[in-house]
Amino acid sequence: MSQIKKVLVVGGGIGGLSAGIALRKAGIETELVELQPEFNVYGVGIIQPSNALRALDVLGLADRCMERGSPYGPVKMCTSNGFQIAQVGTPPMGRLPVHNGISRRILHEVLLDGAADNQVTIRMGVTVDTLDNGPDYVTVTFTDGSTGRYDLVVGSDGVYSKVRRLVLGDFKPRYTGQSVWRYAFPRPAELDTGYIFFGKKTKVGLIPMTADKMYMFVVSAEGEDPKIPESELVPRMKALLAEYDAPTVRTVIDQITDPAGVIYRPLETLLLPAPWYINRVLLIGDAVHATIPQLGQGAGLAIEDAVVLSELVQTGDPLPSVLNNFMNRRYERCKMVVDASNTLGEWEQLEWKGQLPEGANMGALMGKTLGAMGAPI
Ligand SMILES: Cc1cc2nc3c(=O)[nH]c(=O)nc-3n(C[C@H](O)[C@H](O)[C@H](O)COP(=O)(O)OP(=O)(O)OC[C@H]3O[C@@H](n4cnc5c(N)ncnc54)[C@H](O)[C@@H]3O)c2cc1C
């Protein structure tokens with residue numbers, strides 16, 4: 001029987017909602033606080049590789065994601081004119097496909113429905129103010145003046161985590177020199193799977209989200225100052241696409257018209273050294289392992305964190321063993337993804353400058369890392 005009876009999860013993103021659901025499934029009383037007064041998740045999509053679906057399946061949510069998203073096979077890697085040179089993906093797992101593409105907004109709805117089905121108590125527009133992280137329990141004061149006492153606090157409040165700052169100190173993510181531009185489109189009939197096209201200075205992905213919608217991502221190098229004024233988002237995204245002759249890319253360029261539809265984001269990375277806990281406060285997700293999206297694994301890792309934590313809590317082991325075992329099962333796997341993604345991002349930037357070192361084989365690194373994600377968690 002679990003020695004952990006009551007948990008506070010801080011942050012209602014993909015990792016926090018997954019943790020809330022997983023802990024409730026283990027019979028733990030779980031409260032969640034989310035800083036935003038209401039969710040405002042943008043409508044472009046997210047890649048769910050098979051290992052992310054495997055973790056969602058433990059939460060009972062993989063089928064809902066696939067029904068409301070678009071399962072697809074390996075990603076076809078192509079030249080800028082559409083010639084296929086390779087394909088990659090995580091291994092399919094039983095009935096779970098290599099990938100599922102889904103709108104982030106819909107994924108959030110699926111997770112919120114899962115949280116409601118499992119009676120996760122959610123308070124919006126509230127966060128922790130202070131944490132007294134004692135040996136027997138954590139006493140929390142909240143920004144709305146309320147207080148609570150918990151056996152465990154799980155910080156899942158993203159790459160700029162307040163919980164991390166309160167308990168582990170001042171860590172900052174590092175901008176990698178690249179940015180991602182995303183936009184949602186109607187899905188053309190010929191988009192039979194995910195595609196990545198490699199250009200001279202950028203790469204472009206087309207990812208199915210539903211039977212009739214897809215999103216595009218463009219990865220570019222933005223140098224020292226990656227800020228882009230809103231008025232430049234549409235023309236600059238279109239300019240980045242000018243070199244692509246692949247028909248599925250060419251035909252949608254003119255549909256990029258709405259600056260509010262361009263979801264532009266400089267890429268940041270962060271990997272905290274182990275351990276990701278102190279006393280009774282544990283950090284999960286982007287708060288401790290924010291990866292750039294070169295392998296499409298960040299959210300999957302956060303969901304896996306939630307599943308592993310819930311499994312360990314159910315052993316009935318004392319909390320120090322639970323947390324130590326959590327680190328044993330999560331650190332190396334997350335580090336592998338963060339490191340490989342950073343290497344891929346560095347190689348891409350070097351290749352765009354014509355300086356790719358001899359022996360740098362992006363396809364091989366992607367294949368090896370994604371293959372390894374098929375291992376049990
Ligand atoms: C451009 C881009 C593309 C990506 N594509 C993919 C992909 O295709 N596949 C994939 O698996 N991953 C992808 N990722 C990574 C993925 O989005 C993240 O890894 C994932 O969202 C992490 O979830 P999280 O819950 O840890 O953090 P977040 O999603 O950041 O959620 C944190 C939550 O905590 C809340 N919060 C913040 N501060 C507080 C506070 N003080 N108190 C309470 N709540 C707070 C926030 O409002 C938010 O709701 C991508 C990332 C980027 C940047």
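Trainee: Where does Asn279 lie?
Mentor: Asn279 lies in the loop between strands E18 and E19 (281–283). Helices (H or I, at least four residues) and strands (E, at least two) are DSSP runs, numbered from the N terminus.

Trainee: What am I looking at, and how are the numbers made?
Mentor: This is a predicted model, in which local features need pLDDT of at least 70 and side-chain atom pairs count only at pLDDT 80 or more, while totals for chains, interfaces and linings use all residues. Residues are numbered from 1 along each chain as its sequence is written, and side-chain values use heavy atoms, with hydrogens and water left out.

Trainee: Back to Asn279: what is its phi?
Mentor: Near 50°, which is positive in a residue other than glycine. Asn279 is partly exposed, with a relative accessible area of 45%. Partly exposed lies between buried (under 20%) and exposed (over 50%), with a 1.4 Å probe and protein chains only.

Trainee: And Gln119, buried or exposed?
Mentor: Exposed, at 54% relative accessible area. Gln119 is in the loop between helix H4 (104–117) and strand E8 (121–124), and its phi is about 55°, positive although Gln119 is not a glycine.

Trainee: Which residues does the cis peptide bond join?
Mentor: Ala274 and Pro275, with omega about 0°. Pro275 sits in the loop between strand E17 (263–271) and strand E18 (277–278).

Trainee: New topic, the ligand. Which residues come nearest?
Mentor: Of the 30 residues around the ligand, those are Gly15, Glu34, Ile47, Thr127 and Asp286. "Around" needs a heavy atom within 4 Å.

Trainee: Which elements supply at least two residues of that shell?
Mentor: Among them are helix H1 (14–25), strand E2 (29–34) and helix H8 (298–313).

Trainee: What about polar contacts?
Mentor: Those are pairs of N or O atoms within 3.5 Å. Polar side-chain atoms of Gln36 and Arg104 each lie 3.0 Å from an oxygen atom of the ligand. A polar backbone atom of Ile14 is 3.3 Å from a ligand oxygen atom. Taken alone, the ligand exposes 1000 Å², and the protein buries 86% of that; areas use the Shrake-Rupley method with a 1.4 Å probe.

Trainee: And E1, how many of its residues are buried?
Mentor: 4 of the 5 residues of strand E1 (residues 6–10). E1 runs parallel to E2, joined by 5 bridges, and Leu8 has Glu31 in E2 as its bridge partner. Strands pair if DSSP finds at least two bridges between them.

How values were computed:
A polar contact is a pair of N or O atoms within 3.5 Å; within protein, one must be able to donate a hydrogen and the other to accept it, and residues adjacent in sequence count only if both atoms are side-chain atoms.
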